[in-house]
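Here is a short report for a first look at this model. Please keep the structure in view while reading.

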Amino acid sequence: MDILISFFSEYGYAAVFFVLVICGFGVPIPEDITLVSGGVIAGLSESVNPHIMLLVSFAGVIAGDSTMYWLGRLYGAKILRFRPVKKVLTLKRLRMVREKFAKHGMWLLFFARFLPGLRAAIYTVSGITKKVSYARFVLIDLLAASISVPIWIYLGHFGAKNLGWLEEQIQKGQMIVWAFVGLVVIVILGKWLWSRRKNQSKNA
């Protein structure tokens with residue numbers, strides 16, 4: 001986080017936008033830490049406005065995610081021929097995400113925001129399948145981002161002058177996010193099992 005704060009302090013909004021875009025490509029830079037770091041420099045510098053930082057962050061997140069969507073939409077499975085993409089989206093991962101996407105569709109697209117390891121793959125597959133229009137993709141992505149982006153930006157802004165406390169809050173926030181995602185997964189799985197049993201009882 002110290003490296004990001006230093007980088008953002010020097011280059012401002014443009015640096016935050018750039019890093020968030022490459023986060024969308026699957027580059028192993030934690031998006032939550034990037035957002036918090038953007039909030040921190042807004043809290044430390046009078047020339048950086050936290051509300052503008054929020055808008056810039058939304059733009060960076062959507063731009064990165066949209067790039068993966070359009071790569072999938074334009075190139076289809078051929079995208080696996082590109083070495084940079086191949087490292088993030090392996091054939092095995094593509095098949096797995098494709099199966100999950102066929103079953104859960106929009107829900108998977110929404111929760112992809114909270115699944116760093118699979119986010120880029122899910123967004124790419126949503127473009128490859130061509131079952132989701134770009135307008136719907138952006139709407140779902142914005143809804144998911146509206147949960148996480150403001151929290152991390154304003155948390156960083158609030159705790160800018162107490163990084164020790166801030167790191168503790170980041171850890172707590174990450175645990176809450178994962179607990180939330182886990183709960184939703186359990187609910188979805190429960191509904192699927194209930195629906196399956198119901199269908200089996202009808203066919204019996």
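## Overall layout

Helices (H or I, at least four residues) and strands (E, at least two) are DSSP runs, numbered from the N terminus. By that rule, the protein chain holds 10 helices and 0 strands. Its pattern along the sequence reads α-α-α-α-α-α-α-α-α-α.

This is a predicted model, in which local features need pLDDT of at least 70 and side-chain atom pairs count only at pLDDT 80 or more, while totals for chains, interfaces and linings use all residues. Residues are numbered from 1 along each chain as its sequence is written, and side-chain values use heavy atoms, with hydrogens and water left out.

Burial is judged by relative accessible area: buried means under 20%, exposed over 50%, and partly exposed in between (1.4 Å probe, protein chains only). Of the 204 residues in the protein chain, 44% are buried.

Helix α1 covers residues 2-11, and its L4, I5 and F8 are buried. They span an arc of only 100° around the axis, so they sit on the same side of α1. That arc is taken from the directions from the helix axis to the C-beta atoms. An α-helix has 3.6 residues a turn, so residues three or four places apart point the same way.

The other side of α1 carries D2, I3, S9 and E10, which are exposed. Just after α1 comes G12, with a positive phi of about 65°.

## A nonpolar surface patch

F7, Y11 and F18 make a nonpolar surface patch of about 320 Å². Patches are built from residues with over 30% relative accessible area and no salt bridge; like charges are joined within 9 Å, and nonpolar side chains (Val, Leu, Ile, Met, Phe, Trp, Tyr) within 5 Å. Accessible areas come from the Shrake-Rupley method with a 1.4 Å probe; for residues, only the protein chains shown count as cover.

F18 belongs to helix α2 (residues 13-24). Its relative accessibility is 48%, so F18 counts as partly exposed.

## The nonpolar core

A nonpolar core is a set of buried Ala, Val, Leu, Ile, Met, Phe, Trp, Tyr and Cys residues joined through side-chain atoms within 4.5 Å. The largest one has 27 residues, and F8, V149 and I170 have the most contacts inside it. At least two residues of this core come from each of α1, α2, α3, α4, α9 and α10 (163-203). Helix α3 gives the largest share, 6 residues.

## Salt bridges

A salt bridge is a side-chain nitrogen of Lys or Arg within 4 Å of a carboxyl oxygen of Asp or Glu. The whole structure has 4 of them. One joins E31 to R113, with the closest N and O atoms 2.5 Å apart. E31 lies in helix α3 (residues 31-44) and R113 in the loop between α7 (106-111) and α8 (119-129), so this pair ties together parts 82 residues apart in sequence. Both E31 and R113 are buried.

E31 also meets R119 in a salt bridge, at 3.3 Å from N to O. R119 lies in helix α8 and E31 in α3, so the pair ties together parts 88 residues apart in sequence. Both E31 and R119 are buried.

R113 has a salt bridge with D141 as well, the closest N and O atoms being 3.2 Å apart. D141 sits in helix α9 (residues 134-158), 28 residues from R113. The relative accessible area of D141 is 2%, so D141 is buried. Shared partners join E31, D65, R113, R119 and D141 into one network of salt bridges.

## Aromatic pairs

Rings of Phe, Tyr and Trp (its six-membered ring) pair if their centres lie within 6.5 Å; planes under 30 degrees apart count as stacked, over 60 as edge-to-face and the rest as tilted. The whole structure has 9 aromatic pairs. In one, the rings of W70 and Y134 have centres 5.3 Å apart and planes at 45°, so the pair is tilted. W70 is partly exposed, at 33% relative accessible area. Y134 is partly exposed too, at 29% relative accessibility.

Y123 and F137 form an edge-to-face pair, 5.3 Å centre to centre with 85° between the planes. Both Y123 and F137 are buried. One aromatic cluster takes in Y69, W70, Y123, Y134 and F137.
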